Structure formats: structure tokens, C-alpha cells
Amino acid sequence: MNNHDIILRYLSATGAKKFVPRAALIDMDGTLYDSMPNHATAWHTLATEIGIPTTREEFFLYEGATGAYTLCRLFNRAFGRDATPDEIKRLYKRKTELFAAQPAVGLMPGAMRLLEFFKQAGTERIVVTGSGQDTVISRLTTDFPGLIYADKIITARDVTKGKPDPEPYLMGMKLAGVSPAEAIVIENAPLGVMAGHRSGAFTVGVTTGPIPRAEMEKAGADIVYDSMEQCAAEMPALFSEMSSVTLK
Ligand code: MG
């Protein structure tokens with residue numbers, strides 16, 4: 001499907017007459033940073049420590065969710081119950097230690113270029129992350145100077161529900177003062193794509209890890225790119241098409 005038809009399909013589905021990208025709501029892990037391999041290793045090690053059999057790969061599927069969501073999911077499978085608030089606190093702290101003990105994560109190739117394009121296009125940038133890892137969150141403003149601001153970040157601490165609930169993206173829109181037909185979501189995880197889609201924003205899925213693009217489409221992605229580099233390269237054409245497509 002070409003850009004024109006993709007935008008038309010979005011407009012028909014949402015009832016919006018036109019899509020005007022005033023704000024980009026951008027996920028952090030696996031989108032701005034190549035941090036997912038470290039997260040998967042930390043989760044897999046934690047699960048092994050508490051005697052829950054897992055594969056390292058499955059944690060790529062839970063990406064975007066809060067730590068509590070992931071822990072309850074593992075607990076239900078292994079023990080048939082949710083983790084208690086105390087267990088969540090203790091185990092998430094341990095997961096944070098295991099994550100911090102690994103080598104520092106690098107920027108995702110293409111992320112800087114995409115943010116620079118948004119800035120030049122007059123599109124505000126809001127980071128919307130399910131993460132509560134201060135080691136990474138605190139780097140955002142120095143790693144992306146002039147592109148990301150400290151008061152334009154929604155983290156796990158700001159939300160009650162977390163992805164796949166639309167709440168984090170709705171909060172991002174509120175922070176930017178935009179409506180769903182003025183917000184473009186950039187996500188690399190199916191749960192995050194689901195959250196973006198449910199929020200009513202135009203949702204871009206980017207496959208930066210082992211998750212196949214079909215999972216992104218199933219989760220409701222309006223368009224899927226194979227890398228952040230491709231996303232950055234093709235965004236100007238998508239934006240220029242957006243300005244010309246109007247639903248009659
Ligand atoms: Mg992500």
C-alpha cells in the first residue's frame with residue numbers, strides 16, 4: 001500500500017478529515033536506544049533466579065509493558081497468581097540492578113536523524129516510555145540535545161495502566177496539547193503499537209528486533225518500517241503526503 005492509501009485508510013477508520021502531525025510521541029527502548037537485548041538478558045536472568053522457566057526471546061514480546069505487567073504475567077504462568085505489590089517492588093529492583101550491571105546501551109541508528117526531521121518540520125517531540133530505568137531516562141536530554149526536553153517525557157511513573165493501554169500516549173497528547181489526528185506514534189513493540197493504535201494516533205511500527213512485521217500489523221500499526229534508518233529516510237515523504245490527503 002502506498003503512503004496516500006495508508007493515510008486515507010487511517011482517516012476513514014478514525015473519521016478525521018485530515019492528519020496534521022503536530023506532535024511525535026516516541027517510544028524509548030528499542031526505538032531511540034538499542035536497549036532491548038540488555039532488557040531481555042536482565043529479565044531472563046531474574047526469572048531464572050526465582051525459578052520461572054523462560055526464553056530470552058519472549059521478553060521482546062512483553063516490551064513496552066510496565067515491570068509489574070511482565071512480573072504478573074510470569075507469576076500467573078508459573079504460580080497461577082499475580083505477584084504481590086511487595087514482590088513487584090523487590091523483583092523490579094533486582095531487574096533494575098541486573099540491567100544496570102550490563103554495558104551501556106547505544107543510540108539506535110537512525111533515531112537522531114528522525115528526531116532532527118521532526119524538529120525541522122515543527123513537530124514537537126514527546127518521549128513515551130514504559131520504562132522506569134533512570135540510567136537510560138536521564139541520558140535522553142544529553143544524548144539528543146535540543147531534540148528531547150526533560151519536561152517532555154512520560155515514564156512508567158506517570159501512568160497508572162501502561163502499554164498496551166492507551167493511557168501513556170493519551171498523556172503524551174495532553175502534554176503536547178494535541179488531538180489524536182495531530183499525533184504520530186513511533187513504536188518498536190507490538191504492545192506499544194497496540195497502545196498507540198488505541199489512542200487514535202497515526203501509529204508507526206518499526207521492527208528493530210526479532211519481532212516480525214506481521215505482529216506490528218496485527219497490533220494495529222498504520223505503517224511498518226524495517227529499521228529506524230528506513231523510518232527516518234521515508235518520514236519526509238509520508239509527511240508531505242499527509243498535508244495533501246483530505247477525507248471528503
Ligand atoms: Mg520499545
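Me: What makes a pair a salt bridge here, and how many are there?
Reply: A salt bridge is a side-chain nitrogen of Lys or Arg within 4 Å of a carboxyl oxygen of Asp or Glu. By this rule the count comes to 14. The model is predicted: local features need pLDDT of at least 70, side-chain atom pairs count only at pLDDT 80 or more, and totals for chains, interfaces and linings use all residues. Residues are numbered from 1 along each chain as its sequence is written, and side-chain values use heavy atoms, with hydrogens and water left out.

Me: Why is the pair Arg157 and Asp134 called a salt bridge?
Reply: Their closest N and O atoms are 2.9 Å apart. That is within 4 Å, so the pair qualifies.

Me: Is Arg157 buried or exposed, and how do you know?
Reply: Buried means under 20% relative accessible area, exposed over 50%, partly exposed in between (1.4 Å probe, protein chains only). Arg157 has 53%, so Arg157 is exposed. Asp134 has 46%, so Asp134 is partly exposed.

Me: What makes Val193 buried?
Reply: Its relative accessible area is 0%, so Val193 falls under 20%.

Me: How do you know which residues Val193 touches?
Reply: Contact means heavy atoms within 4.5 Å. Leaving out residues up to four places away in sequence, Val193 touches Glu187, Thr203, Gly205, Met216, Ala219, Gly220 and Ala221.

Me: What makes Asp27, Asp29, Glu63 and Asn188 donor residues of the magnesium ion?
Reply: Donors are N, O and S atoms within 2.8 Å of the metal (3.2 Å for Na, K and Ca); water is not among the atoms, so sites may look incomplete. These residues coordinate the magnesium ion at 2.0 to 2.1 Å, so they qualify.
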